[in-house]
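Dear colleague,

I am passing on a structure to you, together with some notes on what turned up in it. Please look through the sequence and the model before you read on.

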Amino acid sequence: MLVTSTFAQQYRNLFLEAGHSQEEIDRKVNAVFDSLFFGKDRIYFEVGDSLGYVSDIKNKDVRTEGMSYGMMIAVQFDRKDVFDRIWRWGKKYMQMESGYFRWTCRVDGSSHAFGPASDGELYYITALLFASNRWGNDTGINYLKEAQYLLDCIQPHEVTMPSWGNRPARTVVQSLIDPTTKLITFVPGSNYTDPSYHLPVFYEIWAKYGQDGRSEFWNECAKASREYMHKSIHPETGLNPDYNNYDGSLMGSKAIIGDAFRYDSWRVPMNMTLDYTWTGGADKEWKVWYANTIQNFFYKQGIDTFVDQYNVDGTTPEKILGAGGYTKLRHSLGLVSTLAAASIVSDNEHRMEFVERVWNSSHQPYDDGYYDAYYDGLLRLFAFMHLSGKYRVIEK
C-alpha cells in the first residue's frame, strides 16, 4: 500500500504570539529542559559510560512512561547522547523476553513488576522512528530495526507470565492493540483502555516510517482512536475518566482510579493538541470544540484556583487520590501545563491567559511541601515545547 501520510509543515509559537521575543523563548525552553535533566532537582541520572534513566523521584522507581518520554524529549532536543543512554538502560533492565518492557523497576534495575503498560511502547516506537529519521541507523544503534522489533512484539502473541504471590505461572495472549476495536489497551491483554494513551498521529507515523507492512492497519487504528475520543469526553465539561470501556462509557468501577478525571487524565488536552498540530488540523471541528470546552470548564473553576481531580460531570469526587504520600486536591502544575497547550487549538477569549500562566510558572514545592519533580516537570516541559513550536514530527 502506498503511504500518503503528510504532517504539519508549520508549528505555531504561542509564546511569540503573546509578545515574547524569540531569544527569550529559546532561553526559557532550554532552561526548563536543562533544569529537568541536569539541574539540582533533575529526574535524569547517568550510569557509567553508556547508560541513563529517568526516575519518578517521589515513588523512587523507573517507569516506561518516563523513560519513553525522556527519549521523545531527547530526540526533539537533538540530544543523541541522552536518548542512547536511556534506550540502553531500558533494554538492559526493563525489556522482557516477550519484547515488552516491564512498566516499572527500581533505580538499581531490579524488578518489582512483570507486566507492561501500553503507553510506554507507544512512545518508545515513535521516538525510535524519529531517531532513525534524525540520526540514521549506523551510529551504534539501529533505531529502525529496534522500532520494527517492537512493532512485531506488540502484535497478538502468547506470553508466559511468571508466578506472582499466590498466582501460578500462566500463558496468555497479549496485544497492545485490541484486535476487535483497534484501540490501545490499558495493558496488553486487558479489556479496557485509558483515554490518555490515545495519540492517533503516532499510528500514522508508524504507517509512514515503520516499514513493517502494516501501514493500512495503523491508519485504521488512528481513525478508530479519533472516533473513540469523541465518545470518551463529557459533552458539558470536556472531562474524561482515567480509564473506560472501548465504547467510551464509564466502567462503573468502585476503585478510586477509574471513572474520575485524575492524574492520567491531565494528559488528554495535550495529546489532542499534539494530534491536531502534527497532522495540520485532523478532526479540526471536534478538537476546537473540545479545547474550548475543557478550557472553559477550568476557567469557570478559577484559572488560578482550579483543582486537579473531578468527576467527569465536574463535581468533586468522593475520594481523593493521593501521590507521594500526600492526599490533597491542589492546583497542579502538570494540569496547568496541559491546559495551556490546548490554547494552540482553542479560540476562546481566555486561551492566552492559560499560556501566560505556564510562561510565568515556576517548578517549586507546594505550600504543604509536596514536590513532583517527575510528572509535573515532564508535563511542564512538554507544554513549553508545544507552545514554542518546538515539538514536531521529525521526518527524513
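**Cavities, pockets and one histidine**

The second largest cavity is lined by Tyr11, Arg12, Thr277, Ile344, His386, Gly389 and Tyr391, and please keep in mind as you look at these residues that the model is a predicted one. This cavity has a volume of about 40 Å³, and by class its lining is made up of three nonpolar, three polar and one charged residues.

In total, three cavities of 30 Å³ or more were counted, and the largest cavity has a volume of about 60 Å³. Its lining consists of Tyr69, Tyr123, Arg267, Met270, Asn271, Leu274, Leu379, Phe382, His386 and Tyr391, so that you will meet His386 and Tyr391 here as well as in the lining of the second largest cavity. Helix 9 (267-279) and helix 13 (375-387) each supply at least two residues of the lining of the largest cavity, and it is helix 9 that gives the largest share, namely four residues. When the residues of this lining are sorted by class, seven are nonpolar, two are polar and one is charged.

Turning to the pockets, the largest pocket holds about 910 Å³ of space. It is lined by 42 residues, of which Arg63, Trp103, Phe186, Tyr243 and Asp264 are the closest to its centre, while helix 3 (64-76) and helix 13 are the elements that give two or more residues to this lining. By class, the lining of the largest pocket divides into 20 nonpolar, nine polar and 13 charged residues.

The second largest pocket holds about 270 Å³ of space, and of the 16 residues that line this pocket, Ala260, Arg262, Asn311, Pro317 and Glu318 are the closest to its centre. Its lining has six nonpolar, four polar and six charged residues.

Is His20 buried or exposed? His20 counts as buried because its relative accessibility is 13%, and the cut-off for buried is under 20%. Leaving aside the neighbours within four places in sequence, His20 is in contact with Phe15, Ile25, Glu356 and Trp359. With one of these, Glu356, there is also a polar contact, made between the two side chains at 3.1 Å.

With best wishes

Terms used: Residues are numbered from 1 along each chain as its sequence is written. This is a predicted model: local features need pLDDT of at least 70, side-chain atom pairs count only at pLDDT 80 or more; totals for chains, interfaces and linings use all residues. Side-chain values use heavy atoms; hydrogens and water are left out. Buried means under 20% relative accessible area, exposed over 50%, partly exposed in between (1.4 Å probe, protein chains only). A polar contact is a pair of N or O atoms within 3.5 Å; within protein, one must be able to donate a hydrogen and the other to accept it, and residues adjacent in sequence count only if both atoms are side-chain atoms. Contact means heavy atoms within 4.5 Å. On a 1 Å grid over the protein atoms alone, a cavity is a set of points where a 1.4 Å probe fits but cannot get out, and a pocket is an open set with protein on both sides within 12 Å along at least five of seven lines; lining residues have an atom within 4 Å of a point. Grid points are joined across faces, edges and corners, and a volume is the space filled by probe spheres set on the points. Ala, Val, Leu, Ile, Met, Phe, Trp, Tyr, Cys and Pro count as nonpolar, Asp, Glu, Lys and Arg as charged, and the others, Gly among them, as polar.
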